[in-house]
Amino acid sequence: MHRPLKDIDIEGSGCIDFISDLHLQPSEMASFDAWSRYMHTTPASSLFILGDFFEVWAGDDFLESEYADFENRCIRVLNDASKRMAIFFMAGNRDFLLKDKALDAANMKALEDPCILRAQGAQFVLSHGDAMCLSDVDYLKFRHMVRDEGWQTQFLAKPLQERLAIARAMRVKSEEEKAKYRKAFETAKSTNVENSNSENTLMGLHDVDTEFANSTLESLHCNTLIHGHTHRPGEYPLLGENRRIVLSDWDALSQPARLEVLRLKDGHLFRHNLAAH
Ligand code: LP5
Ligand code: MN
């Protein structure tokens with residue numbers, strides 16, 4: 001088993017890209033096409049994928065099934081691009097079952113969550129972000145269960161079709177949970193409940209816990225956290241010089257299209273909007 005990297009040092013001044021939450025799936029080819037174009041044209045010498053790259057990943061053996069044309073195509077694009085740049089992969093809550101077989105086929109290196117990146121004279125904490133949403137209590141219990149090695153061994157021993165059915169059921173459940181929160185939010189809004197924290201919780205928009213983000217940065221001696229998951233791109237100030245930089249999810253079909261890369265160049269981070277180029 002490949003040991004995920006905890007500390008990454010990148011020498012040289014080549015630019016470094018960060019992406020997450022592409023949720024690639026065969027029923028949405030426009031985002032795949034945009035991503036594939038980006039992979040062929042990016043000037044980056046390293047790419048960090050910070051989770052939820054695939055919409056769902058039920059086990060690496062899916063790649064050998066007759067239904068995996070799309071996923072194999074994604075893996076080929078990654079492998080081709082890996083001849084020009086180093087590709088690092090961190091698991092998200094959708095693709096935590098993507099393991100060595102797929103990593104090897106794509107020629108990607110696995111990352112721990114969180115991990116530290118040192119590059120261009122700066123250092124960053126990288127995370128998917130889900131484990132830092134401390135208010136998302138039910139999800140965190142679920143996460144604890146499914147990240148357990150014993151649970152994963154048992155789950156992966158089930159027939160592929162059964163795993164795919166469970167994954168579909170989980171997706172339905174997850175959407176139902178979020179709809180429930182949104183409905184409660186609408187009701188609270190119409191009865192004039194005003195409190196930004198309860199707004200976030202009621203909307204199901206759990207966010208990264210500020211104190212937890214600060215203590216993580218402090219313990220890892222960094223002041224910039226880069227993460228995805230929350231689908232609320234932006235830069236959020238934390239204690240003192242600390243900051244939290246949130247990646248955008250991707251959706252080529254939304255208006256305007258969301259196709260954004262965070263890029264580190266000459267020691268500075270900036271957002272590169274592919275839809276504008
Ligand atoms: O993904 P999204 O944006 O909808 O919501 C997430 C959290 N939901 C999830 C679940 C995934 O969407 C679905 C799983 C993807 C497939 C993985 C491969 C197959 C593994 C199958 C595992 C059984 O991550 C959502 C968060 C939200 O982010 C925050 O923004 O709140 O969390 C949930 O909805 C989880 C529920 O709150 C808890 C549900 C517990 C149910 C336990 C069922 C166990 C079934 C075991 C079967 C063997
Ligand atoms: Mn996520």
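**Entry: the pocket.** I started with the pockets of this predicted model. The largest pocket is the space that ligand 1 takes up.

Next I asked how many residues surround ligand 1. I got 19, and the closest are R94, D136, R171, S174 and K178.

I then sorted this shell by class. Ten of its residues are nonpolar, six are charged and three are polar.

**Entry: who supplies the shell.** Which helix gives the most to the shell around ligand 1? I found that α6 does, with seven residues. I noted that α6 spans 160-190. Along with α6, α4 (137-146) and α5 (149-156) each supply at least two residues of the shell.

**Entry: polar contacts of ligand 1.** I went through the side chains one at a time.

- For R94, I noted 2.6 Å between a side-chain N or O atom and an oxygen atom of ligand 1.
- For R171, a polar side-chain atom lies 2.7 Å from an oxygen atom of the ligand.
- For D136, the distance from a side-chain N or O atom to a ligand oxygen is 2.9 Å.

On its own, ligand 1 has 1000 Å² of accessible area, and the protein covers 83% of that.

**Entry: the manganese ion.** My next stop was ligand 2, a manganese ion.

**Entry: cis peptide bonds.** I turned to the backbone. D113 and P114 are joined by a cis peptide bond, with omega about 0°. I placed P114 in strand β5, residues 109-119.

I noted another cis bond running from Q255 to P256, where omega is near -5°. P256 belongs to the loop between β9 (243-246) and β10 (260-265).

**Entry: a positive phi.** Where is Q120 found? I located Q120 in the loop between β5 and β6 (122-127). Q120 is not a glycine, yet its phi is positive, at about 50°.

Technical notes:
Residues numbered from 1 in each chain as written. Chains lettered and ligands numbered in written order. Predicted model: local features only at pLDDT ≥ 70, side-chain atom pairs only at ≥ 80, totals over all residues. Heavy atoms only, no water. Near = heavy atom within 4 Å. Polar contact = N/O pair within 3.5 Å; in protein donor to acceptor, adjacent residues only side chain to side chain. Areas by Shrake-Rupley, 256 points an atom, 1.4 Å probe, with all protein chains shown as cover. 1 Å grid on protein atoms, 1.4 Å probe; cavity = no way out; pocket = protein on both sides within 12 Å on 5 of 7 lines; lining within 4 Å. Sits in = over half its atoms within 2 Å of the grid points. Helix = DSSP H or I, 4+ residues; strand = E, 2+ residues; numbered from the N terminus. Nonpolar A, V, L, I, M, F, W, Y, C, P; charged D, E, K, R; others polar. Donors = N, O, S within 2.8 Å, 3.2 Å for Na, K, Ca; no water.
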